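Reader: I am new to reading protein models. Could you walk me through this one, feature by feature?

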Amino acid sequence: MMWGKLNRNIFYNQVNSMFSLFLFSLLLFLSCEKDEQGIFTQETQKVVPDSDETYAGDSHSGAYDARILFVGNSLSGYNNMPGMVEEIAVAVGKNVLVDQAMFYGQALRQYVNDESLILKIKEQPWDFVVLQSDDITAFPDMYHIEMAVLNTLKERILDNNPYTEIIYQMVWGLRDGVRIQELNGQWVTYSYEEYMGKIYTGTLYLTNELNLGISPVGWTWKEIRHAHPEIELFSSDKAHPSYNGSFLTAAVHYTAIFRESCANSNFSGNLPEETAFIMRKAASEMVLDSLDRWNLQISTGIDEIYKGN
């Protein structure tokens with residue numbers, strides 16, 4: 001979904017027609033959506049790296065502190081954000097396996113049934129799978145679509161390993177707000193703050209309904225933009241993350257996964273230590289001060305895996 005270019009009347013009518021014919025299913029819906037772009041993206045490439053190991057249903061070996069799979073599009077793929085999460089973890093002495101399945105130019109609902117993603121899920125007994133979607137959470141009339149997609153992925157992930165913890169990323173709003181067409185045909189403009197509020201509300205609703213954790217990336221971006229406007233989180237297209245934005249995203253993910261602060265990690269990437277510290281601290285406080293709000297229990301999936309084996 002491209003913010004500012006979405007004709008929701010056409011999209012919504014297509015979905016309603018499928019329901020009225022009782023032919024709606026996730027597979028059919030996705031097949032009708034193949035030509036729609038994911039938010040912020042113009043690329044159409046798919047990046048699904050090979051893992052160094054294969055998984056055939058073996059139990060957790062304890063060789064890693066965590067096995068983490070990131071699923072998303074260019075919002076997560078830019079600047080190799082998953083690699084930054086790994087760097088933060090290594091810097092504090094953790095042994096992690098981090099892998100990614102990135103589908104540039106697509107939204108989560110468009111590749112939920114992609115065979116390469118299904119195989120990637122089966123490669124490891126993932127301790128955590130982080131799912132990055134798009135701004136569909138801003139539209140209450142479309143919650144059911146995202147819920148169907150997340151239910152499908154949740155079932156596949158837990159079938160592979162019932163102890164995997166699934167975390168849903170809250171995305172950010174466009175830098176300068178967004179102009180969209182509502183279902184009644186009226187064009188409406190939302191400021192960055194207004195649209196971010198809609199994304200926040202929708203993300204909390206969906207994750208509460210599906211019992212998923214939240215990585216509050218978008219909400220942390222909002223905090224940094226307010227407190228430190230000198231730190232530019234957006235790239236020149238005002239949508240994708242700059243290196244700063246990817247670094248902040250990685251810090252939020254690390255804290256959401258491990259439920260511990262990364263403020264004192266010595267990983268700063270290509271950033272001045274002062275800037276990196278500001279973002280690591282903000283990410284840590286945003287997550288750890290509101291674990292209940294983000295549905296992040298203290299007992300992590302890793303603990304449960306060890307109990308189960």
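Author: Helices here are DSSP runs (H or I, at least four residues), as are strands (E, at least two), and they are numbered from the N terminus. This is a predicted model, in which local features need pLDDT of at least 70 and side-chain atom pairs count only at pLDDT 80 or more, while totals for chains, interfaces and linings use all residues. Residues are numbered from 1 along each chain as its sequence is written, and side-chain values use heavy atoms, with hydrogens and water left out.

Reader: Is Asn295 buried or exposed?

Author: Buried means under 20% relative accessible area, exposed over 50%, and partly exposed in between (1.4 Å probe, protein chains only). Asn295 has a relative accessible area of 16%, so it is buried. Asn295 also has a positive phi of about 55°, although it is not a glycine.

Reader: Where is Asn211, and is it buried or exposed?

Author: Asn211 sits in the loop between helix 8 (192-210) and strand 8 (213-215). With a relative accessible area of 53%, Asn211 is exposed. Asn211 has a positive phi of about 55° and is not a glycine.

Reader: What is Lys154 in contact with, leaving aside its neighbours within four places in sequence?

Author: Contact means heavy atoms within 4.5 Å. By that rule, and with those neighbours left aside, Lys154 touches Ile166, Leu210, Asn211 and Leu212. Lys154 and Leu210 are 56 residues apart in sequence, and their C-alpha atoms are 8.9 Å apart in space. Lys154 belongs to helix 7 (residues 143-160) and is partly exposed, at 23% relative accessible area.

Reader: How many residues does helix 7 have, and what should they span?

Author: The expected span of a helix is 1.5 Å times one less than its number of residues. Helix 7 has 18 residues, which should span 26 Å, and its end C-alpha atoms are 26 Å apart, in agreement. Buried residues of helix 7 include Tyr143, Leu150 and Ile157.

Reader: How do I read two packed helices?

Author: Two packed helices are described by the angle between their axes and the distance between the axes. The axes are lines fitted to C-alpha atoms, for helices over the stretch in contact, and angles run from 0 to 180 degrees between N-to-C directions. Angles under 35 degrees count as roughly parallel, over 145 as roughly antiparallel, 65 to 115 as roughly perpendicular and the rest as oblique. Helix 9 (residues 217-227) and helix 11 (residues 273-288) pack at about 130°, with axes 10 Å apart. That angle makes helix 9 oblique to helix 11. On the helix 9 side the contact includes Trp219 and Ile224, and on the helix 11 side it includes Ile278 and Met286.

Reader: At what angle do helix 9 and helix 10 pack?

Author: Helix 9 and helix 10 (residues 243-258) pack at about 125°, and their axes are 10 Å apart. These two helices are therefore oblique to each other. Among the residues making the contact are Val217 and Trp221 of helix 9, and Leu248 and His253 of helix 10.

Reader: What about Ala276: buried or exposed?

Author: Ala276, in helix 11, is buried, with a relative accessible area of 0%. Leaving aside its neighbours within four places in sequence, Ala276 is in contact with Phe247, Ser268 and Leu271.

Reader: And how many helices and strands does the protein have?

Author: The protein has 12 helices and 8 strands. Of its 309 residues, 59% are buried.
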